[in-house]
Amino acid sequence: QEAALFRYQEALELKPDYVEAAMVASAVLLELDRPLEAAEPFRVLEQKFPASSIVKNYLGRCLFRAGKVDEARSFLAKAIELNPDFAEALGNLGVLMWESGELDAAVETLGRAAEIAPDDPDIVFNVGMVYSQLGQSKEAARVLEHFLVLEPENLDARVHLAVLKIDHGDVERGVLNLETVLAVDPEHADALRVVNDLQTILDGAASNDSQGP
């Protein structure tokens with residue numbers, strides 16, 4: 001990563017308006033948890049290309065990761081103003097709203113992103129998580145089922161779906177999802193925890209039944 005980053009930074013020194021190099025360098029810096037550095041090339045590009053929704057989106061994303069929420073929101077909103085159908089920018093703004101506690105606004109914004117890009121797994125997953133946090137578990141389950149069509153190997157999402165199903169009384173499908181997870185990863189901590197919780201509930205119910213009226 002560091003070697004690749006050095007080469008892309010060299011390219012940006014030679015050509016500061018090299019958008020593709022800035023995007024890759026930014027992605028590497030974000031992986032290295034250096035978001036303020038990741039934002040710097042896009043500050044230069046934003047001055048040079050003020051009408052670029054792509055540049056504003058990436059700058060907003062980096063600033064959000066750096067904790068500069070208000071500034072990030074401003075750039076993401078400008079990106080969407082320039083391109084109202086920019087699903088990635090809508091998705092980024094929706095996550096910002098979600099993490100800021102604006103759940104209703106988040107689900108509306110992420111919903112718009114999902115309408116534009118219904119098969120983007122990141123957007124679909126985030127929609128499901130916000131619905132879950134809002135307590136709209138049926139909607140959350142529906143969205144997560146679609147997400148698992150896109151990413152069937154995502155075990156954490158499958159456990160979350162199992163919990164939603166069990167909470168709604170569909171224990172059979174919930175358990176089926178847990179069995180699928182444990183078949184792949186027998187030590188999956190969240191799946192084992194849910195199984196243990198479910199077993200405790202069932203044992204308690206059986207004990208009450210045996211005591212009689």
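Colleague: At roughly what angle do the axes of α4 and α6 cross?

Modeller: Roughly 25°, and the two axes come within 10 Å. Axes here are lines fitted to C-alpha atoms, for helices over the stretch in contact, with angles running from 0 to 180 degrees between N-to-C directions. The helices themselves are DSSP runs (H or I, at least four residues), numbered from the N terminus. Bear in mind that this is a predicted model, where local features need pLDDT of at least 70 and side-chain atom pairs pLDDT 80 or more, while totals for chains, interfaces and linings use all residues. Residues are numbered from 1 along each chain as its sequence is written, and side-chain values use heavy atoms, leaving out hydrogens and water.

Colleague: Why are α4 and α6 called roughly parallel?

Modeller: Angles under 35 degrees count as roughly parallel, over 145 as roughly antiparallel, 65 to 115 as roughly perpendicular and the rest as oblique. At roughly 25°, α4 and α6 are therefore roughly parallel to each other.

Colleague: What makes the contact between them?

Modeller: N57, Y58, R61 and F64 of α4 meet E88, A89, N92, V95, L96 and E99 of α6, where contact means heavy atoms within 4.5 Å.

Colleague: And why are α10 and α11 called roughly antiparallel?

Modeller: Helix α10 (residues 155-167) and helix α11 (residues 171-184) pack at about 160°, with axes 7 Å apart. That angle puts α10 and α11 in the roughly antiparallel class, so that's the label they get. Their crossing is left-handed, a word for the near helix being turned anticlockwise from the far one by less than a right angle.

Colleague: What makes something the lining of a pocket?

Modeller: On a 1 Å grid over the protein atoms alone, a pocket is an open set of points where a 1.4 Å probe fits, with protein on both sides within 12 Å along at least five of seven lines; lining residues have an atom within 4 Å of a point. The largest pocket has 16 of them, with G91, N92, V95, D122 and N126 nearest its centre. α6 gives the most, seven residues.

Colleague: How many residues in that lining are charged?

Modeller: Six, alongside seven nonpolar and three polar. Asp, Glu, Lys and Arg count as charged, Ala, Val, Leu, Ile, Met, Phe, Trp, Tyr, Cys and Pro as nonpolar, and the others, Gly among them, as polar.

Colleague: What volume does the largest pocket have?

Modeller: About 460 Å³, taken as the space filled by probe spheres set on the grid points, which are joined across faces, edges and corners. The second largest pocket holds about 170 Å³.

Definitions and conventions: Helix = DSSP H or I, 4+ residues; strand = E, 2+ residues; numbered from the N terminus.
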